[in-house]
Amino acid sequence: MNTFLQLVVNGLGKGAVFALLALGFVIIFKATEVVNFAHGSLVLFGGYLVVVTRESLGWAGASLVGIVSAGLLALLLERFLLSRSRHADANSLALLTIGVDVIITEEIVRRLGVTLPFLGDAWDARPFQIGGITLFRTHLVALLVAAVLITAFTVAFKYSNWGVAMRAQAENREAAALMGIRSSRVTATAWVVAGVLAGVAVLFIATQDFSGAGLSRGTHSIALAAFPAAILGGLDSTAGAVVGGLVVGLVEALSAQYVSFDFSKSAVFLVMLVVLVVRPSGLFGTRESTRV
């Protein structure tokens with residue numbers, strides 16, 4: 001029983017990180033109807049900036065630089081690439097993000113070389129026990145940070161001018177434009193928010209507790225595991241992104257323990273496929289994910 005409780009808590013911690021990443025996918029999709037496959041490179045870019053500035057700025061300062069830089073890179077991608085291709089269809093833009101992702105990822109991996117730096121200096125590799133259950137600080141901090149950020153986003157999404165504008169644009173872009181909503185501003189903000197969430201997520205991914213490996217190509221692969229979470233919850237549902245992330249974290253943790261570590265990676269996609277067969281729009285979505 002202790003093992004099961006330990007897996008659930010640590011799985012929720014991992015799921016919280018996947019939820020942040022899945023939320024990034026969903027925010028961009030709601031604003032643009034484009035699936036951003038460059039999300040993994042935003043994660044890597046933010047982590048790389050932490051690595052190169054940590055010695056001079058300290059961990060906290062470097063982390064802030066990494067988070068802000070990931071948001072700015074997302075803004076640059078939207079402003080100088082996607083906004084200039086606004087007449088292209090969503091599938092073409094999704095393919096464009098794949099190309100961007102390859103370029104950025106390969107350059108960062110080249111610069112990292114053989115080094116695999118860990119980023120969670122403030123909490124990594126410091127497990128503790130409560131009632132015979134071993135818990136990892138990284139997962140607990142991830143849960144807390146994700147809860148704060150998701151709550152802040154939910155409040156902003158429901159009550160701020162940007163949130164209202166984004167929801168209106170997601171419902172009907174033409175009608176929103178006629179009401180005076182500036183689509184470019186809404187879209188740019190959505191990309192910045194997604195980039196910031198990616199910059200936060202990498203601080204937990206590139207740790208011994210979360211992945212057992214430092215910043216590397218594997219970090220990119222882990223980040224893309226949040227895509228099934230977004231699909232599972234529904235690509236147009238912010239609540240679905242959160243639930244999907246938590247489900248992915250739990251499925252991965254439990255299947256790795258009770259089946260095998262290798263199967264845990266496939267189990268996530270298996271659950272996603274089962275959900276899509278039963279409900280093509282995802283658990284909370286309104287549009288069929290299979291059309292994307």
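Start by selecting Val65, which is partly exposed at a relative accessible area of 25%; buried means under 20%, exposed over 50%, and partly exposed in between (1.4 Å probe, protein chains only). The model is a predicted one, in which local features need pLDDT of at least 70 and side-chain atom pairs count only at pLDDT 80 or more, while totals for chains, interfaces and linings use all residues. Residues are numbered from 1 along each chain as its sequence is written, and side-chain values use heavy atoms, with hydrogens and water left out.

Val65 belongs to helix H2 (residues 39-82); helices are DSSP runs (H or I, at least four residues), numbered from the N terminus. Setting aside neighbours within four places in sequence, Val65 contacts Leu49, Thr53 and Leu57, where contact means heavy atoms within 4.5 Å.

Next, select Lys14 in helix H1. Lys14 is buried, with a relative accessible area of 18%. Beyond the neighbours within four places in sequence, it is in contact with His139, Asp209, Phe210, Gly249 and Glu252.

Then turn to the largest nonpolar core, which has 76 residues. Such a core is a set of buried Ala, Val, Leu, Ile, Met, Phe, Trp, Tyr and Cys residues joined through side-chain atoms within 4.5 Å. H1 gives the most to this core, with 14 residues. Leu21, Leu77, Met166 and Leu215 have the most contacts inside it. Around Leu215, residues up to four places away not counted, pick out the residues it touches, among them Leu44, Tyr48, Leu112, Pro117 and Val202.

Finish on helix H11 with Val274, which is partly exposed at a relative accessible area of 47%.

Key: Helix = DSSP H or I, 4+ residues; strand = E, 2+ residues; numbered from the N terminus.
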